[in-house]
Number of protein chains: 2
Amino acid sequence: VDADLRTLRERLAEISDLTRSMGVLGWDQRVTMPPLGTPARAEALATLGRIAHEKFTDDEIGRLLEKLRPLEESLEYDSDDASLVRVTRRDWEKNRRVPAELRAEMIRAGSQGHHIWAQARANNDFAAFLPALERNLELKKRYVECFEWEDSPYTPLLDDFEPGMLTTEVAEVFDTIKPVLSQLAKDAPKIDASFLDVPYDPDAQRAFSERILATVGFEDGSWRLDPTVHPFCISFSTRDVRLTTRYKPTGLDSLWTTMHEAGHGLYAHGIASSLERTPLANAPSLGLNESQSRTWENLVGRSGPFWTHWYEPLQTTFPDQLGDVSLESFLAAVNRAEPGLIRTEADETTYSLHIILRFDLEQRLIDGSLAAADLPEAWSAAMKDLLGVDVPDDTNGVLQDTHWSSGGIGYFPTYALGNVISLQLWAVVRDALPDLDAQMEAGELEQLSSWLRENLYSLGRKLTPKETIGRLTGSPTIDPQPYLAYLREKVSALPAGA
Amino acid sequence: VDADLRTLRERLAEISDLTRSMGVLGWDQRVTMPPLGTPARAEALATLGRIAHEKFTDDEIGRLLEKLRPLEESLEYDSDDASLVRVTRRDWEKNRRVPAELRAEMIRAGSQGHHIWAQARANNDFAAFLPALERNLELKKRYVECFEWEDSPYTPLLDDFEPGMLTTEVAEVFDTIKPVLSQLAKDAPKIDASFLDVPYDPDAQRAFSERILATVGFEDGSWRLDPTVHPFCISFSTRDVRLTTRYKPTGLDSLWTTMHEAGHGLYAHGIASSLERTPLANAPSLGLNESQSRTWENLVGRSGPFWTHWYEPLQTTFPDQLGDVSLESFLAAVNRAEPGLIRTEADETTYSLHIILRFDLEQRLIDGSLAAADLPEAWSAAMKDLLGVDVPDDTNGVLQDTHWSSGGIGYFPTYALGNVISLQLWAVVRDALPDLDAQMEAGELEQLSSWLRENLYSLGRKLTPKETIGRLTGSPTIDPQPYLAYLREKVSALPAGA
């Protein structure tokens, strides 16, 4: 058994090395690669992906997992070894259901679709994107057929990003929050944020972001921050974490973008070192991962206590823009609610409405009740209904996000689940650290960071998303009430008619 | 046969993707990786290296090569397909001799050794580096045992970098040039270069380097230039070429460093696109590759015609430092001969003496007549003997180069061979482009670049180093006389007692 476990670990480490290497290639492609490097990079990524898939779905992995059943059952449920065997078996069984040809075809169509989408978005030309979208949908439907499902054909897609979550469960959460968010968006007062609509020197934005990052709990020499067009975070080990951000010439969005990516980065950084080079060295789901990016971006990064410490340094850095702006006005501006067209620019109050719209459309595309050709019309109607805004063109509508172009269907709901989960976990954090506000007011984030690392990040993927939430909150249920209470309080705290 | 050739090409493309991916991981490690990422990176590199090795040394490749023998013999010797089969067979037979585990261990030890060396060099602490060096040497000795050799156990190591070259052949060339170089170094007049020993704004150095690079023949969007500690060049396809350089606060060394790496980059950039994703998509040897970095750095970049065009722009960029310095004084300074401690800072005349020293020490380390622990002493003695200088510390002595830290033993001689070969090929270039000087005086380098691409770079590895030299010069022999004549003329052209 020791030898079997060692063999399994060696094979999984090899596969982890391959997928982490793909990560390096992807980071390089998005951060540093010269544009003409694209075709060769696509080939290299496809090759590494195919080898990793072949090695993971190998019969030998299945035989080892069977032989390790007695060991697994003899150990504590959440021990590293029992978790490794259990989670790997689940991954293996899921991966084995998908024919290699279908997987290769999905990767190819996704790669082609991304390219076509980028052009279509630039040209506001949905018709040019439609065939690629239809191809991706057709492949996703074939993918769904590889699995059994009870509530919805959408569930196998969702499961890729939020393991164990049913479509009906998400729908229940979204049905609860939708009317409240719509009402809050309508009720929210108009806030003056014109001082955020002026130039801020990008180099000074960068320097200020780095000052904040130095306090959030990364070990020196284990991370870096680079500029990119579409910010993301990726890690190649717990000690090689790559944050990216975007410094616009106008406004201070980069501060929250950087804090957001830092939240993802801290998750990756905090995974127990005993889980490195295994399938457990990751967050349990995109929702849980997003809960932490939102925690650092919003629950910390838009809070009064945080800015009580940081606002004076920010004013000193940007005296022309903020010298005459009070802390109260600044906080009102960065916490305002204001319906808009673009998901990635949405405030906390309206953000999840953008997701609910996509979740609804995705289900209808997959169950066949909506034709892809009718998407622009359905999009505009839903934007009017949910957010009360008129969509002027597809570039600012259905073409705004890259996800569908590369086959990422089932991904969107995890953003809103992350928002909801972040508040469930935040209640636990506040109980555990009763003087957290005072710490933040003093610019101290280390205790918060350590608590999250010890109680959440270090677990990696040993437990399922629901088990992980249950471990921290006492209940595995996704409960939207803390999230709604937080947003109600946020909107009611905004100064009326400012 | 068509199917066999297609299968072989597919398998080789997969292996090429793996090795190019290793290149990306290596570039990232040296240019961007946070330092604590080192252990995970070493594992990832070892895994990719092992998989590539396993796939390449697979029996099936051997069977395909055998089946393709009739095709190979039916085609022109230098056709893409005949060359692919012939060169791949040679590589395959060499690689089959090395156990996969030994290869993985060499990669791992090299990656770890690089990190240890960087610390040791920074701390002038040879003792800290010694265990890593001894480990690399032990692995290299095991590697040598995989091969038969006639003249020296050093030959199998040399052959990795300079295929088909014997240690005795290199020794003969070096024995010819050593006394001449030593004498020239002694005879050379002292030249005033104090104006190169003052601060030059690094940003302005970078901008000027990029102006020059824009003229040497790279396609836009196919390359980038980054700062690093130990400059190098690597490519991931002919259209993804990565140059690195170093901008020191004092002096203009970065200009020639950048030109040097551009020479390597132009070789990679010029390889025929039909050879992409095959083992032929490379230079035939490091010596030939180096011949081109030296061509662009020295034969172009230190020449009168080149600076006739570029010196005025350089003066305009750095008026305080160069405004009062004549073109003649500038040329004398950048062509002066002056024994020093550091290989990478050595002038053209003394450079190969640094190599001869390393070639001698490497042979003794491998044949066992010198213990690694005794290296610092042997180094100092040889520096005194060859260059007449006293070595003050190991940072400026045996620890100055990275090569040994990552297992690159047998690599050094290719630098001096490159110097020698560059002059053999330059004679051919000058015959082919009789008005090259006039072109350089006009700042035009496109014809030179095109000629080298068409006649040399595009061949890739289709021919052996000696065949390649023979194709261009009419004789496969490495002839040091053009190199010695060039240096004699250079030294005699220096103003006496300036």
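**Cavities and interface**

Analyst: In this predicted model, the largest cavity has a volume of about 120 Å³.

User: Which element gives the most residues to the lining of the largest cavity?

Analyst: The lining has 15 residues, and among those nearest the centre are A:Asp17, A:Phe236 and B:Ala40. At least two residues each come from helix 1 (2–31) and strand 2 (233–237) of chain A and from helix 2 (38–56) of chain B. With 5 residues, the top contributor is helix 1 of chain A.

User: How many residues of that lining are charged?

Analyst: Asp, Glu, Lys and Arg count as charged. The lining also has 5 nonpolar and 4 polar residues. The charged residues number 6.

User: What area is buried between chain A and chain B?

Analyst: Each chain brings residues to the contact: 36 from chain A and 36 from chain B. Carbon and sulfur atoms give 60% of the buried area. A:Thr32, A:Pro34 and A:Leu36 supply 18% of what chain A buries against chain B, more than any other three residues. The area buried between the two chains is about 2,700 Å².

User: Which residue of chain B forms a salt bridge with A:Glu14?

Analyst: Between chain A and chain B the count is 8 salt bridges. In the one formed by A:Glu14, the closest N and O atoms are 3.3 Å apart. This lies inside the 4 Å cut-off for a salt bridge. The partner is B:Arg50.

User: On the side of chain A that touches chain B, how many residues are nonpolar?

Analyst: Helix 1, helix 2 (38–56) and strand 3 (240–245) are among the elements of chain A that give two or more residues to this side. Its residues include 7 polar and 14 charged. The nonpolar residues number 15.

Note on methods. Residues numbered from 1 in each chain as written. Chains lettered and ligands numbered in written order. Predicted model: local features only at pLDDT ≥ 70, side-chain atom pairs only at ≥ 80, totals over all residues. Heavy atoms only, no water. 1 Å grid on protein atoms, 1.4 Å probe; cavity = no way out; pocket = protein on both sides within 12 Å on 5 of 7 lines; lining within 4 Å. Points joined across faces, edges and corners; volume = space filled by probe spheres on them. Helix = DSSP H or I, 4+ residues; strand = E, 2+ residues; numbered from the N terminus. Contact = heavy atoms within 4.5 Å. Buried area = accessible area lost by both parts, 1.4 Å probe. Salt bridge = Lys/Arg side-chain N within 4 Å of Asp/Glu carboxyl O.
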